[in-house]
Amino acid sequence: QVQLVESGGGLVQPGGSLRLTCAASRSIFSFDSMFWYRQAPGKQREFVALMYSGGKIHYADSVKGRFTISTDNAKNTVYLQMNSLEPEDTAVYYCNLSSGSRSYWGQGTQVTVSS
């Protein structure tokens, strides 16, 4: 079992940057996959980024080239660096760690992109 806490969200102008942090209560090394999702008001939860334990990374087309997922295993942390933010990126962002039958979600952090 692991507890996940997202942080780093806030209000940013279009074109700005934020770095989201997903802090885990224990080692993330054993998990097969690490995700970021987002959910805007009135919309379904949307895939954003995925990192497999082997290092392979996938991004949603809408964020490719602007967002970067990374980890710091020593700090039990997953990051999402978000650059060139657009109003369409406004959403609650969630991290998820999965391995086999285990899947864990954080509470989410709000990102608002507005001038």
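Colleague: Let me start near the end of the chain. Which residues is S114 in contact with, leaving aside its neighbours within four places in sequence?
Modeller: S114 is in contact with L11, V12, Q13 and P14. Keep in mind that this is a predicted model.

Colleague: How far apart are S114 and Q13, in sequence and in space?
Modeller: They are 101 residues apart in sequence, and their C-alpha atoms are 5.0 Å apart in space.

Colleague: And where is S114 found?
Modeller: S114 is in the segment after β11, the strand that covers 109–113. S114 counts as partly exposed because its relative accessible area is 38%, which lies between the 20% limit for buried and the 50% limit for exposed.

Colleague: OK, stepping back. How many helices and strands are there in the protein chain?
Modeller: Zero helices and 11 strands. Read from the N terminus, the elements run β-β-β-β-β-β-β-β-β-β-β. The radius of gyration is 13 Å, close to the 13 Å that the globule rule gives for 115 residues, so the chain is as compact as a globular protein of that length.

Colleague: What box do the C-alpha atoms fill?
Modeller: Roughly 40 × 25 × 25 Å, taken along the principal axes.

Colleague: How much of the chain counts as buried?
Modeller: Of the 115 residues, 43% do. The chain exposes about 6100 Å², and carbon and sulfur atoms supply 47% of that area.

Colleague: What share of the contacts joins residues at least 24 apart?
Modeller: It's 52%, counted among contacts between residues at least 6 apart in sequence.

Colleague: Now disulfides. How many does a search of the whole structure find?
Modeller: One. C22 and C95 form it, with their sulfur atoms 2.0 Å apart. The pair links distant parts of the chain, as C22 is in strand β3 (residues 18–24) and C95 is in strand β9, 73 residues apart.

Colleague: Remind me, what is a disulfide in general?
Modeller: A covalent bond between the sulfur atoms of two cysteines.

Colleague: Are C22 and C95 buried or exposed?
Modeller: Both C22 and C95 are buried. Their link is right-handed, with 55° about the S-S bond.

Colleague: You mentioned β9. Where is A91 found?
Modeller: A91 is in that strand, β9, which spans residues 91–99.

Colleague: Why does A91 count as buried?
Modeller: Because its relative accessible area is 2%, and buried means under 20%.

Colleague: Which residues does A91 touch, not counting those up to four places away in sequence?
Modeller: A91 touches R38, Q39, A40, T109, Q110 and V111. A91 and A40 are 51 residues apart in sequence, with 4.2 Å from C-alpha to C-alpha.

Colleague: Last one, on charges. How far apart are the mean positions of the positive and negative charges?
Modeller: The mean positions of the 10 positive and 8 negative charges are 5 Å apart.

Technical notes. Residues are numbered from 1 along each chain as its sequence is written. This is a predicted model: local features need pLDDT of at least 70, side-chain atom pairs count only at pLDDT 80 or more; totals for chains, interfaces and linings use all residues. Side-chain values use heavy atoms; hydrogens and water are left out. Helices (H or I, at least four residues) and strands (E, at least two) are DSSP runs, numbered from the N terminus. Buried means under 20% relative accessible area, exposed over 50%, partly exposed in between (1.4 Å probe, protein chains only). Contact means heavy atoms within 4.5 Å. The radius of gyration is taken over C-alpha atoms; the globule rule is 2.2 Å times the number of residues to the power 0.38. Accessible areas come from the Shrake-Rupley method with a 1.4 Å probe; for residues, only the protein chains shown count as cover. Lys and Arg count as positive and Asp and Glu as negative; His and the chain ends are not counted. The place of a charge is taken as NZ of Lys, CZ of Arg, CG of Asp or CD of Glu. A disulfide is a pair of cysteine sulfur atoms within 2.5 Å.
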